[in-house]
Amino acid sequence: MPSHRIPGRAAFEIAKGTQRVVSLSEAQVARALDPDELLRELEASFGALARGEVQCPPRPGITVPGKGFSLAMAAWQPGMHICVKVVNIFDGNLAIGLPNHLAIVNLFDPTTGAVACVMDATYITGIRTAAAAIVSHKLLSRVDSRIATIVGAGVQGREHLRLLSLVRDVDEIQICSLEFDHAERMAHLHPKAHAVRDVRHAIQRSDLVCLATHSARPVIEPQWVKPGTHVSSVGYHPPEGELPPALARDHRLFVETLDAFAAAPVGCSELRGITASKATTLGDVVNDPRRGRAASSEITIYKAMGIAMEDMVAANLAFQRAQRSGLGTTIEL
């Protein structure tokens with residue numbers, strides 16, 4: 001193979017030395033990410049992923065019995081930095097005042113492999129997950145959708161509430177939660193939102209349904225969903241989950257990639273037993289809208305697993321904005 005070494009120097013004589021790396025805190029990442037831009041770039045990269053232009057291998061995981069699990073997620077698309085995220089999901093953290101999802105991203109120069117940025121990815125994990133679901137609503141829900149319901153008043157509920165109005169001009173957003181006071185407090189974040197106690201009634205009158213919980217069992221019943229509704233589900237809680245399997249089995253199903261049908265931690269528990277040939281990827285719809293909603297009365301389902309491409313897009317956008325605006329701290333490694 002061709003040599004790119006500096007003339008006269010052997011490999012053992014070359015040391016890495018000190019490199020300057022940008023470090024971004026959770027607050028700085030939040031300041032650097034523009035939600036509209038994130039939705040646009042995610043949609044574009046879903047199309048690129050379906051065309052084979054993005055490397056996004058399945059994620060390996062480590063389980064700490066009785067505590068939680070850790071996932072490693074890597075992706076690269078030409079024109080971007082290589083992204084590697086580690087996300088740790090430890091439910092017991094909530095009792096000690098920590099988020100139950102903690103994550104960090106490293107970005108690497110695709111020319112040399114040198115680390116370029118280290119950033120907190122807790123905020124990224126929250127917003128990119130919701131943003132992918134909102135992209136599904138843009139691509140698959142009826143344009144005349146007017147009533148939305150968000151089930152869940154956690155981080156994902158908050159991010160869905162913030163982003164949904166960017167793609168659909170709804171008249172009303174209903175918020176349901178096991179903790180009604182949490183739903184009430186979250187509803188104060190949006191002028192069209194209000195808390196609802198009766199989940200069944202809320203779903204029955206909804207055009208858009210966003211499942212955004214950490215539930216280990218289905219949070220709605222399939223028969224509650226009316227014709228023409230688009231349902232998104234981002235919850236991840238093996239070995240079961242928040243989405244009724246019958247909804248995914250009996251209606252048009254859309255996923256990020258067909259890896260969604262693999263066993264956890266790569267895939268989605270709710271899709272167990274469903275053949276992958278039944279599903280369409282969001283990227284397929286981006287590239288050919290005819291592969292999306294076929295009729296106004298059709299029920300469409302989007303089940304998310306969360307993929308590294310989404311982290312890559314969000315982290316690269318945050319890094320680019322940080323470079324332009326001078327955000328971040330330079331550290332030496």
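Mentor: Before we start, contact here means heavy atoms within 4.5 Å. Also keep in mind that this is a predicted model.

Trainee: Got it. So which strands does helix α9 lie across?

Mentor: Helix α9, residues 308–325, lies across β1, β3, β4, β5 and β6. Its direction is at about 70° to β3.

Trainee: And what's the strand order in the open sheet?

Mentor: The order is β2-β3-β4-β5-β6-β1-β15, seven strands with mixed pairing. On average, neighbouring strands are turned by 20° against each other, ignoring direction.

Trainee: Which strands stand at the edges?

Mentor: Those are β2 (61–64) and β15 (329–332). Each has a single partner strand, so one side of each has no neighbour in the sheet.

Trainee: Back to β3. Is that strand largely enclosed or left open, and why?

Mentor: Largely enclosed by the rest of the structure, because six of its eight residues are buried.

Trainee: How does β3 pair with β4?

Mentor: Antiparallel, over seven bridges.

Trainee: What about β2 and β3, how many bridges join them?

Mentor: Four, and that pair is antiparallel too. Ile62 stands opposite Ser70 in β3. This hairpin has three residues between the strands, with Gly66 at a positive phi near 80°.

Trainee: Switching to helices. At what angle do α3 and α4 cross?

Mentor: Roughly 50°, with the axes of α3 (residues 122–140) and α4 (residues 155–164) coming within 9 Å. The two helices are therefore oblique to each other, and the crossing is right-handed.

Trainee: Which residues make that contact?

Mentor: On the α3 side they include Tyr123, Ile127, Ala130, Ile134 and His137. From α4 you have, among them, Val155, Glu159, Arg162 and Leu163. By class, the contact has nine nonpolar, six polar and two charged residues.

Trainee: One last thing, Ala202. Buried or exposed?

Mentor: Ala202 is buried, at a relative accessible area of 0%. The cut-off for buried is under 20%. You'll find Ala202 in helix α6, residues 199–204.

Trainee: What does Ala202 touch?

Mentor: Leaving out residues up to four places away in sequence, Ala202 touches Thr149, Gln174, Cys176 and Val196. As for Ile150, which is 52 residues away along the chain, its C-alpha is separated from that of Ala202 by 9.3 Å.

Technical notes
Residues numbered from 1 in each chain as written. Predicted model: local features only at pLDDT ≥ 70, side-chain atom pairs only at ≥ 80, totals over all residues. Heavy atoms only, no water. Buried < 20%, exposed > 50% of the residue type's maximum accessible area, 1.4 Å probe, protein only. Axes fitted to C-alpha atoms, helices over the stretch in contact; angles between N-to-C directions. Parallel < 35°, antiparallel > 145°, perpendicular 65-115°, else oblique. Left-handed = near helix turned anticlockwise from the far one by under 90°. Nonpolar A, V, L, I, M, F, W, Y, C, P; charged D, E, K, R; others polar. Pairing = 2+ DSSP bridges.
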